[in-house]
Amino acid sequence: MPIDQRYREEAIEKVKRVGKVLRERIEKAIKDIDEEDLEYGVSIEIIGNDLKSLWEEGVERNNYMEVVSAEVMEHHDGAYLKATFRNGAGDCYADRYISVWSSGKTDISHAFSLSFNNVVAKVQPIDQHSFRVFLKSE
């Protein structure tokens, strides 16, 4: 059964809201960063309680995502399945990374990517109130 287009659009709107807030915070933070440093990549931290609730709604609990890749990896302790799901449009998108080991252990992590003004940013949560942002110029 195909996905309801309205459901898909609502999910993408949630991602766009997260992207808008992140873009505003990152633009303020990079004003003080030397452009030469951005060429090699810079890591910064963003703190904000309001951002956490947006993150949870738009990234972690956002159910609509498309499969970007899936592969079976062989390791010395057994095989595992690695899958990446993505939701977004244009210059911002949310990724969900899932790894399932043959032992049954499952890991889920999230990241958010956006690009603006020739800068690419990858955002990952650190704890309840802060996020790590890796910035690099294109």
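Helices (H or I, at least four residues) and strands (E, at least two) are taken as DSSP runs and numbered from the N terminus. The structure is a predicted model, in which local features need pLDDT of at least 70 and side-chain atom pairs count only at pLDDT 80 or more, while totals for chains, interfaces and linings use all residues. Residues are numbered from 1 along each chain as its sequence is written, and side-chain values use heavy atoms, with hydrogens and water left out.

The secondary structure of the chain amounts to three helices and seven strands. Along the sequence these elements follow the pattern α-α-β-α-β-β-β-β-β-β. The C-alpha trace spans about 45 × 40 × 30 Å along its principal axes. Residues are classed by relative accessible area as buried (under 20%), exposed (over 50%) or partly exposed (in between), with a 1.4 Å probe and protein chains only. By this scheme, 35% of the 138 residues of the chain count as buried. A contact is defined by heavy atoms within 4.5 Å. Among contacts between residues at least 6 apart in sequence, 48% join residues at least 24 apart.

Strand pairing was assigned where DSSP finds at least two bridges between two strands. Strand β2 (residues 66-75) pairs with β3 in the antiparallel sense, over nine bridges, and the two strands form a hairpin with two residues between them. Strand β3 also pairs with β4 in the antiparallel sense, here over 10 bridges. This second pair is again a hairpin with two residues between its strands, and G90 in the turn has a positive phi of about 65°. Residue L81 of β3 is the bridge partner of V72, and in β4 the bridge partner of L81 is V100. In a regular strand, side chains alternate between the two faces of the sheet.

Residue S99 is located in strand β4. With a relative accessible area of 15%, S99 is buried. When neighbours within four places in sequence are left aside, S99 is in contact with Y80, L81 and K82, and also with K105, T106 and D107.

Salt bridges were identified as pairs with a side-chain nitrogen of Lys or Arg within 4 Å of a carboxyl oxygen of Asp or Glu. A search of the whole structure finds 10 of them. One of these joins R23 to D91, with the closest N and O atoms 2.9 Å apart. Because R23 lies in helix α1 (residues 5-30) and D91 in the loop between β3 (78-89) and β4 (92-101), this pair ties together parts that are 68 residues apart in sequence. D91 is partly exposed, at 36% relative accessibility.

Another salt bridge links the side chains of K52 and E60, at 3.9 Å from N to O. Of these two residues, K52 is buried at 11% relative accessibility, whereas E60 is partly exposed at 29%. The side chains of E56 and R61 also meet in a salt bridge, at 3.7 Å from N to O. Here E56 is partly exposed, with a relative accessibility of 23%, and R61 is exposed, with a value of 53%.

Open spaces were searched on a 1 Å grid over the protein atoms alone; a pocket is an open set of points where a 1.4 Å probe fits, with protein on both sides within 12 Å along at least five of seven lines, and lining residues have an atom within 4 Å of a point. The largest pocket holds about 190 Å³ of space, the volume being that filled by probe spheres set on grid points joined across faces, edges and corners. Its lining consists of E27, I30, K31, I33, E35, L38, F116, N117, N118, V119 and S137. Helices α1 and α2 (35-40) each supply at least two residues of this lining. By class, the lining has five nonpolar, three polar and three charged residues, where Ala, Val, Leu, Ile, Met, Phe, Trp, Tyr, Cys and Pro count as nonpolar, Asp, Glu, Lys and Arg as charged, and the others, Gly among them, as polar.

N117 lies in the loop between β5 (106-116) and β6 (119-125), and N118 is found in the loop between β5 and β6. Phi of N117 is near 45°, a positive value in a residue other than glycine. N118 likewise has a positive phi, of about 60°, although it is not a glycine. N117 is exposed at 60% relative accessibility, and N118 is exposed with a relative accessible area of 55%.
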